[in-house]
Amino acid sequence: MNRTEKEQVIGELHEKMAKAKAAILAEPKGLNVATVTELRRKLREAKVEYRIVKNTLAARAAKGTPVEPIAEKFVGPTALVMSYGDVVTPAKLLAEFMKDRENFTIRTAVIEGRVVDAKGIQSLAKMPGLLELRGQIAAMIAQPATQLARMIGAPGQQLARVLGARREQLEKQS
C-alpha cells in the first residue's frame, strides 16, 4: 500500500469512527473464511460494519474521534465492529457469535464515548435492543387506552347481555 492509499484509508476510517456510536475491538484468531463471511452477513443485516484493520492506520484514524481512548488496544489481529445506530445490536450479535468459538474474543469497546471492557459488552448484550424497547414503550402507552376502551364498552355490553337474556326469556314464554 503506498502513502496515498494509506492516507485515503485513514481518512475513511476517521470519518466512520467519528460517526460511530459503538466501536468494538475484537480478536479474530483462526477463523475460516466461511465463518467470517457468515458473521459479516449477520452484522450487515443489522446495519453494523465489520472490518479487519491494520493497527497503525486504525490508531492514526482514531485520533480526534470517540474511538481514541482505545487506540492503544490496536495490537495483534484486530477486527473493528462499528455501529452508527443501535449500540446493543452489535454486542448481542458478537456475544451470540462468541458462544461457540473460543478463538474469537472481545478486547474492549467505546459505547457512546465511554470505554467498556469485554464483561461490559457481555452485560450490554443481555439488555433489550432499540426495537424491543420501542415495542415495550408502545405497549405501555397503549395499555391505558385499551383499558379505557374496555371500561367505556363494558356498560353497553352488560346492557346487551341483559336485553338478550330478557329476549330469550320472552321467547321461551311464547
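A: In this chain, 81% of the contacts with a separation of 6 or more are made between residues 24 or more positions apart, a contact being a case of heavy atoms within 4.5 Å. The model is predicted, and for that reason local features need pLDDT of at least 70 and side-chain atom pairs count only at pLDDT 80 or more, whereas totals for chains, interfaces and linings use all residues. Residues are numbered from 1 along each chain as its sequence is written, and side-chain values rest on heavy atoms, with hydrogens and water left out.

The setting comes before the pairs. Along the principal axes, the C-alpha atoms fill a box of roughly 100 × 35 × 30 Å. Of the 174 residues, 33% count as buried, where buried means under 20% relative accessible area, exposed means over 50%, and partly exposed lies in between (1.4 Å probe, protein chains only).

Now to the charges. Side chains of opposite charge can pair when their charged atoms come close. The chain has 29 positive and 19 negative charges, whose mean positions are 3 Å apart; Lys and Arg count as positive and Asp and Glu as negative, without His and the chain ends, and each charge is placed at NZ of Lys, CZ of Arg, CG of Asp or CD of Glu. There are 11 salt bridges, each defined as a side-chain nitrogen of Lys or Arg within 4 Å of a carboxyl oxygen of Asp or Glu.

One of them joins arginine 107 to glutamate 27, with 3.1 Å between the closest N and O atoms. Since arginine 107 belongs to strand S4 (residues 104-111) and glutamate 27 to strand S1 (residues 22-28), this pair ties together parts that are 80 residues apart in sequence. Both partners are buried, arginine 107 at 18% relative accessibility and glutamate 27 at 19%.

Arginine 41, with a relative accessible area of 35%, is partly exposed, and so is glutamate 38 at 34%. Arginine 41 also forms a salt bridge with glutamate 45, at 2.6 Å between the closest N and O atoms; these two residues of helix H2 are 4 residues apart, again about one helical turn, and glutamate 45 is exposed at 56%. Elsewhere, salt bridges that share partners join Glu12, Lys16, Glu49 and Arg51 into one network.

Helix H2 also contains threonine 35, which is buried at 18% relative accessibility and touches Phe97 and Arg101 when residues up to four places away in sequence are not counted.
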